[in-house]
Amino acid sequence: MTLLTNESTFTDTATDRAARLTAAGVAWNSRIAAKPAAAELTYAVTGKGEGSVGTVLKAGNHVFHIDEPEGLAGDDLAASPVEIALGALIACQVVVFRLYAQALSIPFDDISVKAEGDLDVRGLFGIDENVRNGFGAIRLNITITGPESQERYDELREAVDAHCPVLDLFANPTAITTQLVRG
């Protein structure tokens with residue numbers, strides 16, 4: 001099964017959501033069928049330093065702030081970069097759960113996700129070069145309510161785990177290039 005070709009008639013309690021998910025799938029399927037390269041997207045976000053160690057980010061028409069707590073030299077005016085990363089993982093999980101619930105005709109009433117990440121700051125501060133700079137472990141706790149059996153929700157979770165882009169970013173190496181330009 002591919003997400004974009006499933007013609008499920010399932011609608012959950014949010015009929016509008018089901019219609020929007022179906023319409024998006026049909027539109028993307030048509031777009032990709034006409035031009036396969038249309039499936040390849042590039043996202044861009046820009047950022048500028050603000051305050052002690054904060055950042056103002058712009059993504060499309062959206063502006064948001066990231067900061068650090070006072071203990072990490074920040075002004076504590078916004079969530080930290082690692083909290084935003086966990087938030088991105090949660091948001092992507094919710095989106096992909098909704099997409100695949102629709103595609104697999106697995107209704108659910110509500111979903112909530114909690115992410116916890118373990119970070120050893122000895123890597124960040126260069127105290128121990130053998131300590132990983134990023135999360136050593138992440139735990140996702142997903143609570144879903146609805147009429148289906150545990151087995152069906154496990155099937156849904158497996159589909160989400162296999163297709164969630166942000167989960168993939170955390171789980172697999174991604175090629176990154178950096179360039180510093182003196183302004």
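A salt bridge is a side-chain nitrogen of Lys or Arg within 4 Å of a carboxyl oxygen of Asp or Glu. By this rule the count comes to 7 salt bridges in the structure, which is a predicted model. The legends below cover several close-up views.

View 1. The side chains of Glu116 and Arg139 meet in a salt bridge, with 3.3 Å from N to O. Asp118 lies in strand β4, so its pairing with Arg139 ties together parts that are 21 residues apart in sequence. Lys114, Glu116, Asp118 and Arg139 are linked in a network of salt bridges. Glu116 is partly exposed at 29% relative accessibility, Arg139 is partly exposed at 34%, and Asp118 is partly exposed at 35%.

View 2. Arg157 and Asp161 form a salt bridge, their closest N and O atoms being 2.9 Å apart.

**View 3. The largest nonpolar core.** This core has 18 residues, of which Val96, Tyr100, Leu104, Phe108, Leu156, Val160 and Cys164 touch the most other members. The elements that give two or more residues to the core are α2 (81-103), β4 (110-119), α4 (150-163) and α5 (165-171). The largest share, 6 residues, comes from α2.

**View 4. A nonpolar patch on the surface.** Leu72, Val82, Leu119, Val121, Leu124, Phe125 and Ile127 form the patch, and together they have about 600 Å² of accessible area. Leu72 sits in the loop between β3 (62-66) and α2. Leu72 is partly exposed, with a relative accessible area of 31%.

**View 5. The second largest pocket.** About 510 Å³ of space lies in this pocket. It is lined by 22 residues, and the closest to its centre are Val82, Leu119, Asn133, Gly134 and Phe135. At least two lining residues come from each of α2, α3 (121-124), β5 (135-145) and α5. The largest share of the lining, 4 residues, comes from β5.

**View 6. Positive phi at Asp76 and Ser105.** Asp76 has a positive phi of about 55° although it is not a glycine, and its place is in the loop between β3 and α2. Ser105, in the loop between α2 and β4, has a positive phi near 55° and is likewise a residue other than glycine. Ser105 is partly exposed, at 30% relative accessible area.

Notes:
Residues numbered from 1 in each chain as written. Predicted model: local features only at pLDDT ≥ 70, side-chain atom pairs only at ≥ 80, totals over all residues. Heavy atoms only, no water. Core = buried A, V, L, I, M, F, W, Y, C linked by side-chain atoms within 4.5 Å. Buried < 20%, exposed > 50% of the residue type's maximum accessible area, 1.4 Å probe, protein only. Patch = residues over 30% accessible without salt bridge, like charges linked within 9 Å, V, L, I, M, F, W, Y side chains within 5 Å. Areas by Shrake-Rupley, 256 points an atom, 1.4 Å probe, with all protein chains shown as cover. 1 Å grid on protein atoms, 1.4 Å probe; cavity = no way out; pocket = protein on both sides within 12 Å on 5 of 7 lines; lining within 4 Å. Points joined across faces, edges and corners; volume = space filled by probe spheres on them.
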